[in-house]
Amino acid sequence: MARSNTNNNVNNTMDNVRGSVMSENRRILMQSSNLSSTNLVIVGTNFKVGRKIGRGNFGEVRMGKNIANDELVAIKLEPMKSKHHQLQLEQKFYRMIGVCDGFPKVFYYGQIEQKYNALVMEYLGPSLEELFNICGRTFSLKTVLLIAISLLTRFEHIYERNIIYRDVKPENFVIGPPSSRKEKTIFVIDFGLAKEYVDESGEHIPYREHKSLTGTARYMSVNTHLGREQSRRDDLEALGHMFVYFLRGSLPWQGIRVDNAKERYRQIKEIKRSTAIEVLCDGQPEEIATYMKYVKKLDFYEKPDYEWLRKMFRDLFDRRGFVDDSVFDWTGRLHHTSFATSRNSYQQQ
Ligand SMILES: Nc1ncnc2c1ncn2[C@@H]1O[C@H](COP(=O)(O)OP(=O)(O)O)[C@@H](O)[C@H]1O
Ligand SMILES: [Mg+2]
């Protein structure tokens, strides 16, 4: 799957509420993009910048190489001219997360030629959205349960480090590089919209209303649509929407064709609010509806019972007779796609 197809779903790109700032940044990136005409751009002392592998909403992600040991890296770039500096914050969140399974190692943060902020991190594999496409745009219950159990563990760690994520979507979860030791690990990337929800004195941020939308409309919680300050419960509700998306292949509020973004968000909100959990989860095991009901009942300040949720999914996994062999729907299929070829070759440009 070629990288350019990452956002092949137009709705999904448009759904991202960071849109206006991001497209401004993208314009600056394109205008000042002498990165593609320079033969050799080095970040820090030893990271060589290679070809583009991802276009984010506020910049771009390039492949790179550590010239000291030939290891591949990913380099996230943000134009210094842009008004909103996110990358600095993002690297701070990665530092707070620390070295932990399922989060990329960060090697360096600094500037390139006074033009870009650059974050150099571990090079990882395709995103869940790309894998979803490779698998025909539905995942089996086994794959969804493996993803869910693993992401609940990742999010528990994020919350232990006082951070809420606020950008749940399949494009922001990736696996390790195919054929590597980490191929079976699901990683959380992109802390561009994250926020500290506990202050220095250990106090939870206060409940607020009339907040501007943050996140991706397709997956965000109903409370986020309603302008309520996000907390742990909203990440978990968005995860639930993503699990249902994987199982069903789509969500009932997808595909609204309205040019006006505000009107589109309003319609998505209305459909989300009026779709009963039973209807949303119709045909799925009842544990999926139980998950949705549980997270939607959580109080703004409440600590979710991650272990209870994981156990519910693990019990379902066992009852269905699935084997915990880390075999996902995409396992064994990645080498037969253009993805493998395009990703495995490092090119300077
Ligand atoms: N460490 C990485 N290794 C491999 N691919 C990556 C890495 N980081 C990002 N990408 C790819 O680039 C895309 C955009 O990166 P992301 O950090 O999500 O940026 P944005 O904040 O602009 O969405 C991701 O969806 C992913 O496909
Ligand atoms: Mg992203």
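Is Asn172 buried or exposed? Work through the exercises below to find out.

This is a predicted model, in which local features need pLDDT of at least 70, side-chain atom pairs count only at pLDDT 80 or more, and totals for chains, interfaces and linings use all residues. Residues are numbered from 1 along each chain as its sequence is written, chains are lettered from A and ligands numbered from 1 in the order in which they are written, and side-chain values use heavy atoms, leaving out hydrogens and water.

**Exercise 1. Describe the site of the magnesium ion (ligand 2).**

Step 1. Find the donors. They are Asn172 (OD1) and Asp190 (OD), at 2.1 to 2.2 Å. Donors are N, O and S atoms within 2.8 Å of the metal (3.2 Å for Na, K and Ca); water is not among the atoms, so sites may look incomplete.

Step 2. Asn172 sits in the loop between β7 (163–164) and β8 (173–175), and Asp190 in the loop between β9 (186–188) and β10 (195–196). The two are 18 residues apart, and the pair links distant parts of the chain. Helices (H or I, at least four residues) and strands (E, at least two) are DSSP runs, numbered from the N terminus.

Step 3. Check burial. Buried means under 20% relative accessible area, exposed over 50%, and partly exposed in between (1.4 Å probe, protein chains only). Asn172 has 4%, so Asn172 is buried. Asp190, at 10%, also counts as buried.

**Exercise 2. Locate Lys76 and list its contacts.**

Step 1. Start from the record. An unreviewed UniProt entry lists Lys76 under "binding site". UniProt positions are given in the numbering used here, feature names are shortened, and annotations may be inferred rather than shown by experiment.

Step 2. Lys76 belongs to strand β4 (residues 72–79). Its relative accessibility is 10%, so Lys76 counts as buried.

Step 3. Look for neighbours. Contact means heavy atoms within 4.5 Å. Leaving aside residues up to four places away in sequence, Lys76 touches several residues, among them Phe58, Glu60, Asn117 and Asp190. Asp190 is also a donor to the magnesium ion.

**Exercise 3. Trace the open sheet and the place of β3 in it.**

Step 1. Write down the order. Six strands run β1-β2-β3-β4-β6-β5, with antiparallel pairing. Two strands pair if DSSP finds at least two bridges between them. The edges are β1 (42–43) and β5 (106–112), each pairing on one side only.

Step 2. Follow the links of β3. Strand β2 (residues 47–55) pairs with β3 over six bridges, and a hairpin of four residues joins the two. Gly54 has Val61 in β3 as its bridge partner. Six bridges also join β3 to β4, where Gly64 stands opposite Val73. The hairpin of β3 and β4 has five residues between the strands, and Asp70 there takes a positive phi near 70 degrees.

Step 3. Examine both faces. In a regular strand the side chains alternate between the two faces of the sheet. Glu60, Arg62, Gly64 and Asn66 point one way from β3, while Val61, Met63 and Lys65 point the other way. Seven of the seven residues of β3 (residues 60–66) are buried, so the strand is largely enclosed by the rest of the structure.

**Exercise 4. Decide how enclosed α7 is.**

Step 1. Count. In α7, 16 of the 17 residues are buried, so the helix is largely enclosed by the rest of the structure.

Step 2. Look at what follows. Gly249 comes after α7, with a positive phi near 100 degrees.
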